[in-house]
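This report describes a structure for a reader who is new to it. The sequence and the model follow, and the text then goes through selected parts.

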2 protein chains.
Amino acid sequence: MAITVVGSVAFDSIETPAGRQERCLGGAATHFALAASFFTDVRVIAVVGEDFGPEQEAVFHKRKIDIRGIERAPGKSFFWEGSYLDNLNEARTHNTELNVFASFEPKIPDAYHDSEFLFLANIDPVLQKRVREAMPDVKLVAGDTMNYWIKDHRAALLEVLKGLDVLLINDTEARMLAGANNLVQAARAVLALGPRTLIVKHGEYGATAFFSSHSFSTDGEYAEHIFRAPALPLEEVVDPTGAGDSFAGGFFGYLASQTELSPATFRRAMFYGSVMGSFAVERFGTERIQALTRKEIDDRFTVFRELTHLD
Amino acid sequence: MAITVVGSVAFDSIETPAGRQERCLGGAATHFALAASFFTDVRVIAVVGEDFGPEQEAVFHKRKIDIRGIERAPGKSFFWEGSYLDNLNEARTHNTELNVFASFEPKIPDAYHDSEFLFLANIDPVLQKRVREAMPDVKLVAGDTMNYWIKDHRAALLEVLKGLDVLLINDTEARMLAGANNLVQAARAVLALGPRTLIVKHGEYGATAFFSSHSFSTDGEYAEHIFRAPALPLEEVVDPTGAGDSFAGGFFGYLASQTELSPATFRRAMFYGSVMGSFAVERFGTERIQALTRKEIDDRFTVFRELTHLD
């Protein structure tokens, strides 16, 4: 089943202990779409400027991603400059230029309307809500957000949360959103805000899924409400940018490729999320995911299983 | 097979967001021995003062722990006072009184000499080495250490590491010991110092075992060199004191209870370590482990499996 994703398509200049790269193709929707494209059809809604040309288009086309919903506007694309020199787990932002993104009005191509999965990447919750409402027939909606929206746009964000099936955020964001320091208590508080499933990303320690009792359409015997997927201990993290979006792409892409959304499907989706996150950080920007094969993905899935399973 | 453990038996005054407890029975050897006693025979080498009386003895006797190696000395037992008010992952020490521990000279009862497993809890590496050398026939030796010994007693510690089969430390200690920030690189550097297996404890995120290629006596086909065990997401952590030592007790106790030390045994041992750590923090001091049953342990083992396994 097809996924529509709305979010940023951007250029990133990134410095890490492994080096520096200028104006890589980036943005949450880009990382998400590339990762999800290994599992299902993906359609992107975004806005770019005149600096987005055939070279960038080719990255999407090569992965058969539908970009009819990427609007071209006069001016420059969203640009972010950051570094991870002290701490690979936390970006330091040096410069953010919203450019054409400042007046982004998501427009949904008619051809996208039969999408059954919708991913609301990290953008203004007012826009997230608008896209959600314009696609009332989707089967499953997942979303991301960040500290800025949690702190300063809480009312709008709470409106979005009511309509989400799955929220994917990191530890700090979960604690901030819930106003609770203990992760289990924070998760319960977040689930009470609307999402049926909360996935908390722990960076190098993996991710935890918290399922509310009504997480699964096939309701019934599912007794366990927490699942932990590991991250792969990596010898070198070249660039953490986009790891969380790639996790989301692997997770949601796998779900969309399955006919039944059972607890077992969600567990495997968590592993595919971790797999895609582990590839994303191996090179700058989208470089590693662009070069990836489905066989590499499945081989690493096996590694993740061996990393965590007793037998 | 029996385990001999050498380390501290102490009194702890502890303050956490859940409350305050004065002079709980504590110390690394105590937490380790209680946790391990659910799996195998345990023998303790330590020194206590005149404040260690029948009430404390009874805690060990109830778990059938051999304390003939706990020496009584004139004066007071090791005393530690600390709090976890800002951060449950890191103790703040308010007071440490070494007391009788300052002149501790481990004495090994004759009856301990047929122990096949030896655990060197976190004490002066000079003493760890002395006990190791006095028990040359043990089959497996594991040990713990801390930042203080890594920083200021490195030469003595390196001597101990040469004789260890398993080293259990936390993230910060592993990075400090190796002088490397990346965990995989740090693990490789630590394994090069002697231990055949390194277990890095991540607190609320579980633990990772790094196996060197000669980790297992049954050598051969073992291709995977890393294993991750989760921690249980807990709604309330009452007191983190002793969680790491309880993990070590569960891990090493389970190993000692098995006839074959295969990779699968090590994996299950990691899970039992996490299980015992998860119980330890549920109440102050040793309270929860004292009240524990083997059935509760095995039930929680099942929970850990469901928390991480795909099927």
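Arg175(A) is buried, with a relative accessible area of 19%; buried means under 20% relative accessible area, exposed over 50%, and partly exposed in between (1.4 Å probe, protein chains only). The residue lies in helix α6 of chain A. Helices (H or I, at least four residues) and strands (E, at least two) are DSSP runs, numbered from the N terminus. Leaving aside residues up to four places away in sequence, Arg175(A) touches Ala180(A), Asn181(A), Leu183(A) and Ala186(A), and also Glu204(B) and Tyr205(B). Contact here means heavy atoms within 4.5 Å.

This is a predicted model, in which local features need pLDDT of at least 70 and side-chain atom pairs count only at pLDDT 80 or more, while totals for chains, interfaces and linings use all residues. Residues are numbered from 1 along each chain as its sequence is written, chains are lettered from A and ligands numbered from 1 in the order in which they are written, and side-chain values use heavy atoms, with hydrogens and water left out.

**The two chains**

Two copies of a chain are related by a rotation about an axis and a shift along it. Here, chain A is superposed on chain B by a rotation of 180° with 0.0 Å of shift along the axis, and the RMSD is 0.0 Å. That is the relation of a two-fold axis. The superposition is by least squares on the C-alpha atoms of residues with pLDDT of at least 70 in both copies. Of the interface residues of chain A, 100% are also interface residues in chain B, so the copies meet through the same surface.

**Helix α7 of chain A**

Helix α7 of chain A covers residues 183-191, and its buried residues are Leu183(A), Val184(A), Ala186(A), Ala187(A), Val190(A) and Leu191(A). They cover an arc of only 160° around the axis, which puts them on the same side of α7(A); the arc is that of the directions from the helix axis to the C-beta atoms. These buried residues pack against β10 (166-170), α6 (171-178), β11 (197-201), β12 (207-211) and β13 (226-229) of chain A. At the N-terminal end, α7(A) is capped by Asn182(A), which has a side-chain oxygen 2.9 Å from the backbone nitrogen of Val184(A). A polar contact is a pair of N or O atoms within 3.5 Å; within protein, one must be able to donate a hydrogen and the other to accept it, and residues adjacent in sequence count only if both atoms are side-chain atoms.

**Strands**

In chain A, five of the six residues of strand β6 (residues 78-83) are buried, so this strand is largely enclosed by the rest of the structure. Two strands pair if DSSP finds at least two bridges between them. The table lists pairings in both chains.

| Strands | Bridges | Direction |
|---|---|---|
| β2 (residues 10-16) and β6 of chain A | Six | parallel |
| β6 and β7 (residues 92-97) of chain A | Five | antiparallel |
| β8 and β9 (residues 140-144) of chain B | Four | parallel |

Ala10(A) stands opposite Phe78(A) in β6(A), and Trp80(A) stands opposite Thr96(A) in β7(A). In chain B, the bridge partner of Leu118(B) in β9(B) is Val141(B).

Nine strands of chain B form an open sheet with mixed pairing, in the order β5-β4-β1-β8-β9-β10-β11-β12-β13. Its edge strands are β5 and β13 (226-229), each of which pairs on one side only. From one strand to the next, the twist averages 15°. Axes are lines fitted to C-alpha atoms, for helices over the stretch in contact, and angles run from 0 to 180 degrees between N-to-C directions.

**Helices of chain B**

Helix α9 (residues 263-280) of chain B lies across β10 (166-170), β11, β12 (207-211) and β13, and runs at about 30° to β13(B). In helix α1 (residues 28-36) of chain B, nine of the nine residues are buried, so this helix is largely enclosed by the rest of the structure. Among them are His31(B), Phe32(B) and Leu34(B).

**Loop residues of chain B**

Lys64(B) lies in the loop between α2 (54-62) and β5 (66-72), and is exposed, with a relative accessible area of 72%. Its phi is near 60°, a positive value in a residue other than glycine. Asn99(B), in the loop between β7 (92-97) and β8 (117-120), likewise has a positive phi, near 50°. This residue is partly exposed at 30% relative accessible area.

Gly194(B) is in the loop between α7 (183-191) and β11 (197-201), and counts as partly exposed at 23% relative accessibility. Not counting residues up to four places away in sequence, Gly194(B) touches Leu161(B), Lys162(B) and Leu164(B).
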